[in-house]
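Let's take a friendly walk through one protein model, looking at how its side chains meet. Have the structure open and follow along as each residue is named.

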Amino acid sequence: RRARYSSTWSRKSTAADCAKAAHSIAEGVPVSCVPCLCAKSLCAMHPALARLLLAGLVAAALIVFAPQRLIPDALRELPRPTRAAPRETVLVTGAAGFIGFHLALQLLANAHVVVGLDNMDPYYDVQLKRDRVEHVRTHSDAHGAFHFVEGDFCNTTLLAGLLRAHRVTHIVHLAGKAGVRQSMREPSEFVRVNIECFEGLLDLASSAAIPVIFASSSSAYGSHAPLPFSLSDMSSLSSNVYGATKHAMESLAKERAATHRLRVVRARIYNYNSLVGSIRRCASSRCTGRGAGRTWLSTSLR
């Protein structure tokens, strides 16, 4: 009524009403009266906006509380918006290696974000590794995102920075010292990289609750494992330092899974060239004993 008959209604009077509302609350006036004062101020200042707001509230009430028969079929059958599944960010150590290279391509094909880490160890051809990284970069343009860092996973400061900066959700650990003969020449280096550095990676993954998949080896079975091999077999007798370090890695991962409830998956990977060789030997009907077990295993891996 005041807005209709008084030409002196202004924002000053609105401020006065707000002060009056606050004073009313202090004097014990029911709170339900305060929205009325706010609505009064809104109608006075912006009548058109108040009418639009009222129409929206009425429409919302009709949609929410109206019986199903009053809602048009076209409106009822509108598809609900679906939230796109968030892309996972996977840290792949040893991303420039043979397995890491193909894994990165597959993850990108599945529209995931890949963070590759590799120190370009000269044990394998470094130029080949760089070519693989460039190929993955080219492939990532049409698929997911690929970030590559040349560095050592033993550097826990670098590793922690990557996990935090890229918000890594999964870790696939493929890096490490490889080679049975090489492990006999450099046993201390194999112990440092494959065991001590891996323990540091597990520490970071445990603190951030990031699941880990790591590469073990068939060498973890030792030299006295029964054939055919089984994932439940865990020999404590290793014929070389490399196999002993992989055995220790599995023990560390099992301990973290039990005490820190860390989700860990071990993958006992076999040498591809030796598998192909065993298939060829068995194809000539000269495969017996231990070779027969390898043939069965190589066939199952295909």
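Which residues are linked in a network of salt bridges? They are Glu199, Asp203, Glu255 and Arg256. Here a salt bridge is a side-chain nitrogen of Lys or Arg within 4 Å of a carboxyl oxygen of Asp or Glu.

Before going further, some ground rules. This is a predicted model, in which local features need pLDDT of at least 70 and side-chain atom pairs count only at pLDDT 80 or more, while totals for chains, interfaces and linings use all residues. Residues are numbered from 1 along each chain as its sequence is written, and side-chain values use heavy atoms, leaving out hydrogens and water.

**The chain as a whole**

The protein chain has 13 helices and six strands. These elements are DSSP runs numbered from the N terminus: helices are H or I with at least four residues, and strands are E with at least two. Of the 302 residues, 36% count as buried. Buried means under 20% relative accessible area, exposed means over 50%, and partly exposed lies in between (1.4 Å probe, protein chains only). Contacts, meaning heavy atoms within 4.5 Å, also tell a story: among those between residues at least 6 apart in sequence, 68% join residues at least 24 apart.

**Salt bridges**

The structure holds 10 salt bridges.

| Salt bridge | N to O distance |
|---|---|
| Glu134 and Arg137 | 2.8 Å |
| Arg266 and Glu250 | 2.8 Å |
| Glu255 and Arg256 | 3.2 Å |

Start with Glu134 and Arg137. Both sit in helix α7 (residues 126-140), and because they are three residues apart, about one helical turn separates them. Glu134 is partly exposed at 43% relative accessibility, and Arg137 is partly exposed as well, at 33%.

Now turn to the salt bridge between Arg266 and Glu250. Arg266 belongs to strand β6 (residues 264-269) and Glu250 to helix α11 (residues 241-259), so this pair ties together parts that are 16 residues apart in sequence. Arg266 is partly exposed, with 37% relative accessibility, whereas Glu250 is buried, with a relative accessible area of 4%.

Glu255 is partly exposed at 34% relative accessibility, while Arg256 is buried at 9%.

**A buried lysine**

Is Lys129 buried or exposed? Lys129, which lies in helix α7, is buried yet has no salt bridge. The nearest side chain of opposite charge is that of Asp118, 4.3 Å away. A polar atom of the Lys129 side chain does lie 2.8 Å from the backbone oxygen of Asp121. Leaving aside neighbours within four places in sequence, Lys129 is in contact with Ala96, Asp118, Met120, Asp121 and Tyr124.

**Aromatic pairs**

A pair of aromatic rings is described by the distance of the centres and the angle of the planes. Rings of Phe, Tyr and Trp (its six-membered ring) pair if their centres lie within 6.5 Å; planes under 30 degrees apart count as stacked, over 60 as edge-to-face and the rest as tilted. By this rule there are four aromatic pairs.

One of them joins Phe190 and Tyr242, an edge-to-face pair with 6.4 Å centre to centre and 90 degrees between the planes. This pair links distant parts of the chain, with Phe190 in helix α10 (residues 187-208) and Tyr242 in helix α11, 52 residues apart. Phe190 is buried at 0% relative accessibility, and Tyr242 is buried at 12%.

Another pair is Phe198 with Phe214: the ring centres are 5.1 Å apart and the planes are at 50 degrees, so the pair is tilted. Since Phe198 lies in helix α10 and Phe214 in strand β5 (residues 212-217), the pair ties together parts that are 16 residues apart in sequence. Phe198 and Phe214 are buried.

**How confident is the prediction?**

The predictor's confidence in each residue is its pLDDT, from 0 to 100. The mean for the protein chain is 74, and 56% of its residues reach 70 or more. Among the elements, strand β4 (residues 170-173) has the highest mean pLDDT (97) and helix α13 (residues 290-301) the lowest (33). Over residues 274-302 the pLDDT is below 50.

Notes. Lys and Arg count as positive and Asp and Glu as negative; His and the chain ends are not counted. A polar contact is a pair of N or O atoms within 3.5 Å; within protein, one must be able to donate a hydrogen and the other to accept it, and residues adjacent in sequence count only if both atoms are side-chain atoms.
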